[in-house]
Amino acid sequence: MTAEPEILPTVGERVQIVADSSTPAPVLDIVVPVYNEEADLAGSVRRLVDHLRAAVPYPARITVADNASTDSTLAIATQLADEIDGVRVAHLEQKGRGRALNAVWQASDAQIVAYCDVDLSTDLNALMPLIAPLISGHSDVAIGTRLSRSARVVRGPKRELISRSYNLILKTTMRAKFSDAQCGFKAMRADVARRVLPYVEDTGWFFDTELLVLAERIGLRIAEVPVDWVDDPDSTVDIVATAIADLKGCARVGYALAAGRLPIAQLRAAVGRDRAPGPEIDGVPHGLIGQLARFCVIGVASTAAYAILYLLLHAFLGAQVSNFVALAITAVLNTAANRRFSFGVSGRDGMLRHHFFGLGVFAFGWVVTAGSLIVLHGVAPGASKHVELAVLVVANLVATITRFVGHRWVFRTHPTGAPAAAVDGAAE
């Protein structure tokens, strides 16, 4: 039956329910976000309905979330809701897969909200393992993963490379522990979703990653389910454009976390789980790989800035003074950048101590580089400024190693004894 148009309350979006044959407050609400999917929608919804009736022993609803389709997708979805019990149709005026999921999940009256892509690339036999830990209360979020050894995946080498590279980037730059951010098969406890989703900004394909990064940082338990997955050769997703948007999203979320713009501590206190720290591996400090990756990125930027400053100042100040000034400026900026981005420390607590340590590293670096210039001028008095710069860059590498080891020590412990990142609610 076709329902009277209803506007559901959400944060920042208007979701219109245009057709509804489902019963109120089901256990599971599985959302299928669609945009111009008139060719595949009917067959996929019927397959999903058959599976829910045969394999899911809980009241379930399918919500087709149309986000601004321009073909007959909305009409087909409405017809399906009229014909099949347990199907409803939500419509958003603006395009965006993440926008549709965020809005419909927040407005759902179910206990568990989930979604799958309309192509049903993921084997639906993974649905019960996906929602079971949420229904039992064991976990807060559940994701399908194609990167588990026990997953069976059929897709081309290009998609495989992009997927694995993207997840490696997440692990090294954002300290992500989950294995597969992009698999279109996820579920979440609805009460938790309503608390967390207002802070997820992305309206496109990066929605999944942003949600999972936030979930990890606030201490939600994420269950991972290996899935069987077959690539849809007719997918209209622009892989390159999506990858670029994802990288931009990583930069935005990383900056928001480092700058303390997200209420991590408050959300952790409200919905997170208290967890004991994971086991340490002998000889490998916790978070070393991710910290080192971020430290190297900042180091490259600092070296480039140092080189530019040195060459600009050389004509006016000479080698030694130019080295001192360029090194001092980049040392302050390097300490500030590593404090926030490499080691996850924000706020004013401990700032003076951290920068005092940075000045100590600067002094050590200056002694090493100034000494290298003295040696160079003694061996080759007529060396050009470019030769001087090359020697200085090499000498700076020695100071850089010292800086990284020192930063791990000074940023690890807060003055109160707590881990520095934990002060922000963003402990490793």
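Modeller: We go from ring pairs to strands and then to a helix. This is a predicted model, where local features need pLDDT of at least 70, side-chain atom pairs count only at pLDDT 80 or more, and totals for chains, interfaces and linings use all residues. Residues are numbered from 1 along each chain as its sequence is written, and side-chain values use heavy atoms, with hydrogens and water left out.

Biologist: How many aromatic pairs are there in the whole structure?

Modeller: Rings of Phe, Tyr and Trp (its six-membered ring) pair if their centres lie within 6.5 Å; planes under 30 degrees apart are stacked, over 60 edge-to-face, and the rest tilted. A search of the whole structure gives three such pairs. Take Trp-105 and Tyr-115: their ring centres are 6.2 Å apart and their planes meet at 55°, so this pair is tilted.

Biologist: Which parts does that pair tie together?

Modeller: Helices (H or I, at least four residues) and strands (E, at least two) are DSSP runs, numbered from the N terminus. Trp-105 lies in helix 3 (residues 97–107) and Tyr-115 in strand 6 (residues 112–116), so the pair ties together parts 10 residues apart in sequence.

Biologist: What is the geometry of the pair between Trp-105 and Phe-207?

Modeller: That pair is edge-to-face, with 6.3 Å centre to centre and 70° between the planes. Phe-207 belongs to helix 7 (residues 207–217) and Trp-105 to helix 3, so the parts tied together are 102 residues apart in sequence.

Biologist: Are Trp-105 and Tyr-115 buried or exposed?

Modeller: Buried means under 20% relative accessible area, exposed over 50%, and partly exposed in between (1.4 Å probe, protein chains only). Trp-105 and Tyr-115 are both buried. Phe-207 is buried too.

Biologist: Which strand does strand 6 join?

Modeller: Two strands pair if DSSP finds at least two bridges between them. Strand 6 is joined to strand 9 by five bridges, and the two run antiparallel. Within this pairing, Ile-112 has Arg-189 as its bridge partner. Strand 7 (residues 141–145) also runs antiparallel to strand 9, with three bridges. There, Ile-143 stands opposite Lys-186.

Biologist: Why is strand 9 largely enclosed?

Modeller: Four of the five residues of strand 9 (residues 185–189) are buried, so the rest of the structure largely encloses it.

Biologist: How many residues of helix 7 are buried?

Modeller: The count is 11 of its 11 residues. Among them are Asp-208, Glu-210 and Arg-217. Just after helix 7, Gly-219 takes a positive phi of about 85°.
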